[in-house]
Amino acid sequence: MDDLSETFHRKTVLVTGGAGSIGTNLVNALASFDVKRIVVLDNLSSAYVTRDEDLRRAFKERPHIVYHLAAHFANQNSVDHPELDLAVNGLGTLKVLEHAHLVGVERFIYASSGCGIYGPDTPMPFTEEYVSTHLYTPYQVTKMLGELYTSMFHSLYDLPVVNPRFFNSFGPGEVPGRYRNVIPNFFFWAMNSKTLPITGTGEETRDFAYVDDIVSGLIACAHYDEAIGEAINLATGREIRIADLAQWVNELAGNEAGVAFVERRNWDKKHRLVASIEKARRILHYEPKMDFKDGLTEVHRWFKENWKNIQKSAEF
């Protein structure tokens, strides 16, 4: 593989949403390179409203590479707060793109969502050329809007953009909460000896990608010129049943409260979800390394080490 570190040698890198789970791990990875400066823009929430003065200050550093991870997260949050979702994921992304164009960045990497771009009618495994307009939440709509904006800036201004599409990322550093992902929430409930709620039958599947594998793909997005103008799945190509996930979390946490089945949310239309990663392998030389159960063990370790702070921070 090529020497990826050369891409970042003495470069300034801007990471919006850099205090989140993916952002924190990305910043740590970038810090291992000989970068000139890493600029992090984040307001420590799941809905970063991009303020003009913050953007001006960040882009005064004239970043060479921009990772736009900041977002209003995620589906249920967007159903409850659709206007805020549009302000963050729509207008916020447009503003970041405008600043990136004005300073002439070398690469703009936009964190898209494979869970949003592909509708329930998309054939599996999901491949990048097949997107759907049959969407069910404002979050899905605005993540697609972000891709449309990046594509427009690439076509109109030759802005070198890449759209990695994340699939159910998980790993250390993600705090549980009402609008957060299933794995941190399951661990929080299990470590409090509570029953784990499964929406649906438990036979539903998801393609869970460990945060370190996602980060390796993001680093490669900045390196390979073949990625410019492309949407690329960052996933594993592996299906995990939610019933199995709940069982493994309970086993790790020593939780005997079991599971309870609850009604599916009306926007949750995907019974199965698995991505093709052939394009990522071909263009990014991407190869996920983390075994799923080993990844769960790492998350459990992080929860135990940070349990007091997690209990204070979790909002349901």
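**Note on the predicted model**

1. Start with a loop. Pro125 sits in the loop between helix H6 (114-117) and H7. The peptide bond from Met124 to Pro125 is cis, with omega near -5°. Helices here are DSSP runs of H or I with at least four residues, strands are runs of E with at least two, and both are numbered from the N terminus.

2. Ground rules. This is a predicted model, in which local features need pLDDT of at least 70 and side-chain atom pairs pLDDT 80 or more, while totals for chains, interfaces and linings use all residues. Residues are numbered from 1 along each chain as its sequence is written, and side-chain values use heavy atoms, with hydrogens and water left out.

3. Ala74 belongs to the loop between S3 and helix H4 (75-80). Most peptide bonds are trans, and most residues other than glycine have a negative phi.

4. Positive phi. Arg10 is not a glycine, yet its phi is about 55°. Arg10 lies in the loop between helix H1 (5-8) and S1. Its relative accessible area is 43%, so Arg10 is partly exposed. Asn168 has a positive phi too, near 45°. Asn168 is in the loop between strand S6 (161-166) and strand S7 (169-170). With a relative accessible area of 19%, Asn168 is buried. The cut-offs: buried is under 20% relative accessible area, exposed is over 50%, and partly exposed is in between (1.4 Å probe, protein chains only).

5. Overall form. The chain has 13 helices and 13 strands. Its radius of gyration is 19 Å, close to the 20 Å that the globule rule gives for 316 residues, so the chain is as compact as a globular protein of that length. The radius is taken over C-alpha atoms, and the rule is 2.2 Å times the number of residues to the power 0.38. Along the principal axes, the C-alpha atoms fill a box of roughly 55 × 40 × 40 Å. Of the 316 residues, 55% count as buried.

6. Strand S3. Ile65 and Tyr67 point one way from S3 (residues 65-68), Val66 and His68 point the other way, and all are buried. S3 pairs with strand S1 (residues 12-16) in the parallel sense over four bridges. Thr16 stands opposite His68. S3 also pairs with strand S4 (residues 107-110), again parallel and over four bridges. There, Ile109 is the bridge partner of Tyr67. Strands count as paired if DSSP finds at least two bridges between them.

7. Phe188 lies in helix H8 (residues 182-191) and Phe316 in the segment after helix H13 (307-313), so the pair ties together parts 128 residues apart in sequence. Phe188 counts as buried at 11% relative accessibility, whereas Phe316 is partly exposed at 46%. Both belong to one aromatic cluster that also includes Trp189, Trp302 and Trp307. Rings of Phe, Tyr and Trp (its six-membered ring) pair if their centres lie within 6.5 Å; planes under 30 degrees apart are stacked, over 60 edge-to-face, and the rest tilted.

8. One last residue. Leu156 lies in helix H7 (residues 138-157). At 54% relative accessibility, Leu156 counts as exposed.
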